[in-house]
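Hi everyone, thanks for coming. Today I'd like to walk you through one structure, step by step. Have a look at it first, and then we'll begin with a helix.

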Amino acid sequence: MATSFYLVLIILNLITYTMLHIDGAQAQNTTTISNHTNSLEIEALLSFKHNLEQGDDALPDWVEIIGSNNKSVVCTWTGVKCSRQWQSASSSSMVVTSLQLNGKNLKGTLSHHFAFGLPHLVVLDLSSNLLYGPIPDTLGNLHNLKMLNMANNQFNGSIPSALGNCTHLTTLLLSFNALSGLIPASFANLGGSIVAFSAEGNLLSGPIPEWIGTWGLVDTILLGGNRFTGQLIPEIGNCSSLTTLSLEENQLIGPIPPELCNARGLQALYLQSNHFMGTLDNAFQECTNLTEIHLNDNQLYGVIPSYLGKLPLVT
């Protein structure tokens, strides 16, 4: 229970960090609303609402817009944020760049079409709702997306491989759904942007892919509570910015590779409730920044090595 609490805090900190940086980057382009938004954006948002059960109760201010002079009102809708886009030195329009509907008690499925009308979207946060069904692969058309948060819903099916097309993603949070299958191979394309990836508490399976070692910017990987199998790949140690790795409650086997410590900034490691075996003789000797480690409920044996006493462990 304590471990879950700390991981939730990590996710909340990641969201806050991401939003501060995104809002800061957009601040120079955001002004008071004075220009019309695109009709396609309005249609896309209304298609999202129409797919919800009791959408009128959940989003009462999302209503049909009559007259072109009233289109800018969409930027005042619940959860919608707009930014100014300049077509020339004297011509600009407002575009929808953020849709933050977390914790709104939304229930229903996602329209496959709404993503087509929101090409400027940077933030999409639908977390902590009652959304179900598959995650539409059309989200892969949101090429400007930097944060996608779908955590704490009831989504099922596989993770869309098309999300690998969103090569500006810094934060991808899919935790606590019912997603199954493999981590898409297309996610190797995210190595130049991804900072946080969370998909814990799902039904994901297969091995941890070796290409994760190419994610040079990733700070946090949370994959606990799934059905991953195979060995813990040493390539994760190539994630030079990694500080937190959560792989607890899976079906991973074999020894713990000492190459993990090649990620010099690694601070928190959750490996409990797997089938790891072997000794700890050299496993963490070079993890000089490790402050938190969880290894219970495995098949490790041997003496507790003395080098652990020299690490800055707090738990």
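Let's start at helix α2, where E41, I42, A44, L45, L46, S47, F48 and K49 are buried. By buried I mean under 20% relative accessible area, with exposed meaning over 50% and partly exposed in between, using a 1.4 Å probe and protein chains only. Helices are DSSP runs of H or I with at least four residues, strands are runs of E with at least two, and both are numbered from the N terminus.

Before going on, a word on the model: it is predicted, so local features need pLDDT of at least 70, side-chain atom pairs count only at pLDDT 80 or more, and totals for chains, interfaces and linings use all residues. Residues are numbered from 1 along each chain as its sequence is written, and side-chain values use heavy atoms, leaving out hydrogens and water.

Back to α2: it covers residues 39–50, and its 12 residues reach 16 Å from first C-alpha to last, close to the 16 Å expected at 1.5 Å a residue. That expected span is 1.5 Å times one less than the number of residues.

Now, which residue does K49 meet in a salt bridge? The partner is D56, at 3.0 Å from N to O. A salt bridge here is a side-chain nitrogen of Lys or Arg within 4 Å of a carboxyl oxygen of Asp or Glu. K49 is buried at 6% relative accessible area, whereas D56 is exposed at 57%.

By this rule the count comes to 2 salt bridges. E286 and R264 form one too, with their closest N and O atoms 3.9 Å apart. E286 lies in the loop between β17 and β18 and R264 in the loop between β15 and β16, so the pair ties together parts 22 residues apart in sequence.

Next, the sheet. It is open, with 9 strands in the order β3-β5-β7-β9-β11-β13-β15-β17-β19, and the pairing is parallel. β3 and β19 stand at the edges with a single partner strand each, so one side of each has no neighbour in the sheet. Two strands pair if DSSP finds at least two bridges between them.

Let's zoom in on β11, residues 203–206. β11 pairs with β9 over 2 bridges, and G181 stands opposite L204. With β13 there are also 2 bridges, and there G206 stands opposite F228.
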